[in-house]
Amino acid sequence: MITYLFHYLVLIQPSNPFQKLVGHADHVMSIDFHPSKVGLLSSCDSNDEIRLWDVNDGDCKLIFKGGSRQVRFQPRFGNLLACSTGNIINIFDVETNSVQLQLQGHVGDVRSICWDMSGNFLASMSEDSARIWCVSGRKCLHELRSSGNKFQSCTFHPDRAQILAIGSHELLELWNPMYQSHRTWPHQAHGGIISSFADSPPTGTIASVSHDQYIKIWQRCLFLRGSRYSHQTCFFLFLLEDFYMISWPFT
């Protein structure tokens, strides 16, 4: 488990509890583990700095610029690292830390990015629009304009690769660009902004976290059959305040 606190990262593991990864001069905004290289971690801060870490020895292996909001390794092989900064998405070659391509088209700042499981397609989210890109083709395949409820976060469905889950204010919206691509199917999910998602392909579940201080885990809920939802189930939720009483002595 790893979390980030302002200028440093905190790695929590049984062998070395509360190991600090220190180096960022500004607030750490995002982290992501490499899918195949054990112990390789990426992070970015609000000053556009990206770092690659070896969490086994706590060393920073590489520093470069180009990401201030989110970092995401390409699934499966991890050859590419997608980073968002402003309204631009930079795609880096992990071995050479060079920019392979830039994806441009958003008017507002990109708030969320995610890969599909194949690593061939990337979704990006600004408050006013959602886009799905073909990385190898270097082009936007689909675009959805927000109807007023500002988009905040996104993730591809772990079972239905053509469907994108979009988090906005209180709503979990489902977008299938291959079926009525101009609209979403909204579901009342939270009492505040849905700020982030995490998915679990082996279980087919999606977790959502919101400013309402709830984490919800959704199962068998996020795919469309025709114009209707299939069975919708939130099978587990808990209030973050339950954990506020836990105090960890950082040393």
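Arg145, at 49% relative accessibility, counts as partly exposed, a class that lies between buried (under 20% relative accessible area) and exposed (over 50%), as judged with a 1.4 Å probe and protein chains only. The model is a predicted one, in which local features need pLDDT of at least 70 and side-chain atom pairs count only at pLDDT 80 or more, while totals for chains, interfaces and linings use all residues. Residues are numbered from 1 along each chain as its sequence is written, and side-chain values use heavy atoms, with hydrogens and water left out.

**Salt bridges**

- The structure holds eight salt bridges, a salt bridge being a side-chain nitrogen of Lys or Arg within 4 Å of a carboxyl oxygen of Asp or Glu.
- One of them joins the side chains of Glu143 and Arg145 at 3.2 Å, N to O, and Glu143 is partly exposed, with a relative accessible area of 35%.
- Glu143 and Arg145 also belong to a network of salt bridges that links them with Asp128 and Arg131.
- Arg111 and Glu127 form another salt bridge through their side chains, at 3.6 Å from N to O.
- Because Arg111 lies in strand β12 (residues 110–115) and Glu127 in the loop between β13 and β14 (129–134), this pair ties together parts that are 16 residues apart in sequence.
- Lys61 and Asp57 meet in a salt bridge of 3.7 Å, N to O; Lys61 is partly exposed at 47% relative accessibility, and Asp57 is partly exposed at 40%.

**The chain as a whole**

- The chain has zero helices and 24 strands, where helices (H or I, at least four residues) and strands (E, at least two) are DSSP runs numbered from the N terminus.
- Of the 251 residues of the chain, 45% count as buried.
- Over residues 187–219 the chain is 0% helix and 79% strand, with its end C-alpha atoms 14 Å apart.

**Two residues of strand β13**

- Ser126 is found in strand β13 (residues 121–126), and with a relative accessible area of 0% Ser126 is buried.
- The side chains of Ser126 and His106 are joined by a polar contact of 2.9 Å, which is a pair of N or O atoms within 3.5 Å; within protein, one must be able to donate a hydrogen and the other to accept it, and residues adjacent in sequence count only if both atoms are side-chain atoms.
- Phe121 is also found in strand β13, but Phe121 is partly exposed, with a relative accessible area of 30%.
- Phe121 and Trp133 are twelve residues apart in sequence, and their C-alpha atoms are 5.6 Å apart in space.

**A loop residue and the cysteines**

- Thr184 lies in the loop between β18 (169–175) and β19 (185–200), and at 14% relative accessibility Thr184 counts as buried.
- A polar contact of 2.6 Å joins the side chain of Thr184 to that of Glu173.
- The count of disulfides comes to zero, a disulfide being a pair of cysteine sulfur atoms within 2.5 Å.
- Cys44 is in no disulfide, and the nearest cysteine sulfur, that of Cys83, is 6.8 Å away.
- Cys44 is buried at 0% relative accessibility, and Cys134 is buried with a relative accessible area of 14%.
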